Every structure is written in C-alpha cells, then in structure tokens.
Amino acid sequence: MKRAAQKGFTLIELMIVVAIIGILAAVALPAYQDYTVRARVTEGLGLGSGMKATVAENIANAGGNIGANACAGADAIGATGAVASVACNAGVITITMGPDGRNVELTLTPAVPTGGGPITWTCAVSAAANNRFVPGECRV
C-alpha cells in the first residue's frame with residue numbers, strides 16, 4: 001500500500017510561526033512608537049528653525065551681541081500639531097511639545113564665536129529621560 005503524502009502544515013508548525021510573529025511584534029511596536037514621537041519632536045525643531053534665522057540676523061545687526069532685542073521680530077508660535085508652543089527670550093528659543101510629543105522641552109541657545117564667524121546653536125533637552133524622543137543633535 002502506498003502512503004498518501006502529507007498536505008498542509010501540522011499544528012506545531014503553525015504554533016511556532018505564530019510565536020515568532022508575536023515576539024517580533026513585541027520588539028517592533030515600542031521602537032515604532034518612539035520613532036513616531038521623535039518625528040513629532042522634529043516638527044518642533046522645524047518650527048524653531050524659522051526663529052533661528054531671525055535671531056541670528058538680530059545678533060549680527062547688533063555687532064555680535066546677544067541682547068534683550070535678539071528676539072525682535074521672532075513672533076511666538078502657538079499650538080500647532082504636536083507642538084504646544086515656540087517662544088524666544090533673549091535669543092534663547094524654547095520649544096515645548098504637547099502630549100503627542102511626550103511634553104519634551106527643547107532649548108536652542110545661540111553662541112557667537114570670539115573674533116566673529118557664524119553663530120552656532122546648542123540644542124538641549126529638558127530632562128535626560130526624554131533623550132530617546134529627541135533627534136541626535138539634541139541628545140545629552
């Protein structure tokens with residue numbers, strides 16, 4: 001008598017495949033959620049970059065001095081998308097994210113090199129716990 005060839009998968013093979021998919025999903029979902037928050041925080045940096053140009057121009061017009069008027073013409077931006085606010089005070093730009101951006105707060109601080117040259121910006125995050133939600137240039 002000839003034995004019929006097996007067709008399809010056994011129950012154990014299907015259970016192994018389901019277990020592998022479950023493990024991959026458990027690893028991938030948290031990483032994806034961090035990625036989406038980081039994209040929202042990057043939106044805030046994009047809004048702050050418009051202010052950077054205005055502040056840099058004001059500093060250049062003041063002969064390289066960062067003063068109280070460094071933010072002249074850099075209007076504050078209210079809530080847009082994941083960004084709660086973008087404000088400027090004495091040249092320092094503060095970007096505050098809303099709940100979608102995990103309430104991350106970034107500060108962009110200008111620095112004028114001695115002897116002239118282009119203004120450099122330092123980005124800092126309010127709490128080290130939020131490092132995984134910010135772009136690489138702002139990580140501590």
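Ground rules next. I am working on a predicted model, where local features need pLDDT of at least 70, side-chain atom pairs count only at pLDDT 80 or more, and totals for chains, interfaces and linings use all residues. Residues are numbered from 1 along each chain as its sequence is written, and side-chain values use heavy atoms, with hydrogens and water left out.

**Entry: elements**

I took helices (H or I, at least four residues) and strands (E, at least two) as DSSP runs, numbered from the N terminus. From the N terminus, I read the order as α-β-β-β-β.

How spread out is the protein compared with a compact globule? I took the radius of gyration over C-alpha atoms, and the globule rule as 2.2 Å times the number of residues to the power 0.38. The protein comes to 25 Å, well over the 14 Å that the rule gives for 140 residues, so it is more spread out than a compact globule. Along the principal axes, the C-alpha atoms fill a box of roughly 100 × 35 × 20 Å.

For burial I used a 1.4 Å probe on protein chains only: buried is under 20% relative accessible area, exposed is over 50%, and partly exposed is in between. Of the 140 residues, 25% count as buried. Contact here means heavy atoms within 4.5 Å. Among contacts between residues at least 6 apart in sequence, 44% join residues at least 24 apart.

**Entry: the helix**

I checked the record for residues 12–32. UniProt, in an unreviewed entry, places the feature "transmembrane region" there. UniProt positions follow the numbering used here, feature names are shortened, and annotations may be inferred rather than shown by experiment. In the model, the span is 100% helix and 0% strand, and its end C-alpha atoms lie 30 Å apart.

Helix H1 covers residues 11–61. I find H1 lying across E1, strand E2 (92–97), E3 and E4. H1 runs at about 165 degrees to E2. For such angles, axes are lines fitted to C-alpha atoms, for helices over the stretch in contact, and the values run from 0 to 180 degrees between N-to-C directions.

**Entry: the sheet**

Two strands pair if DSSP finds at least two bridges between them. On that basis I get an open sheet of four strands in the order E1-E2-E3-E4, with antiparallel pairing. Strand E1 (83–89) and strand E4 (120–125) are the edges, each pairing on one side only. Neighbouring strands of this sheet are turned by 15 degrees against each other on average, direction ignored.

I then went through two of the pairings. E1 and E2 are antiparallel over six bridges. Ala87 stands opposite Thr94 in E2. The hairpin of E1 and E2 has two residues between the strands, and Ala90 takes a positive phi near 55 degrees there. Strand E3 (residues 105–111) is joined to E4 by six bridges, also antiparallel. Ala111 has Thr120 in E4 as its bridge partner.

I looked at Ala84 on its own. Ala84 lies in strand E1 and is partly exposed at 31% relative accessibility. Val104 is 20 residues away along the chain, and its C-alpha atom is 9.8 Å from that of Ala84.

**Entry: the cross-links**

Which cysteines pair with which? In sequence order, the bonded cysteines pair 1-2, 3-4.

Cys71 and Cys88 are bonded, with sulfur atoms 1.9 Å apart. The S-S torsion is about -65 degrees, so this disulfide is left-handed. Cys71 lies in the loop between H1 and E1 and Cys88 in strand E1, so the pair ties together parts 17 residues apart in sequence. I count Cys71 as buried at 12% relative accessibility, and Cys88 is buried at 19%.

Cys123 is joined to Cys138, S to S 1.8 Å. This link is right-handed, with 95 degrees about the S-S bond. Cys123 lies in strand E4 and Cys138 in the segment after E4, so the pair ties together parts 15 residues apart in sequence. Cys123 is buried at 12% relative accessibility, and Cys138 is buried at 1%.

How values were computed: Disulfide = S-S within 2.5 Å.
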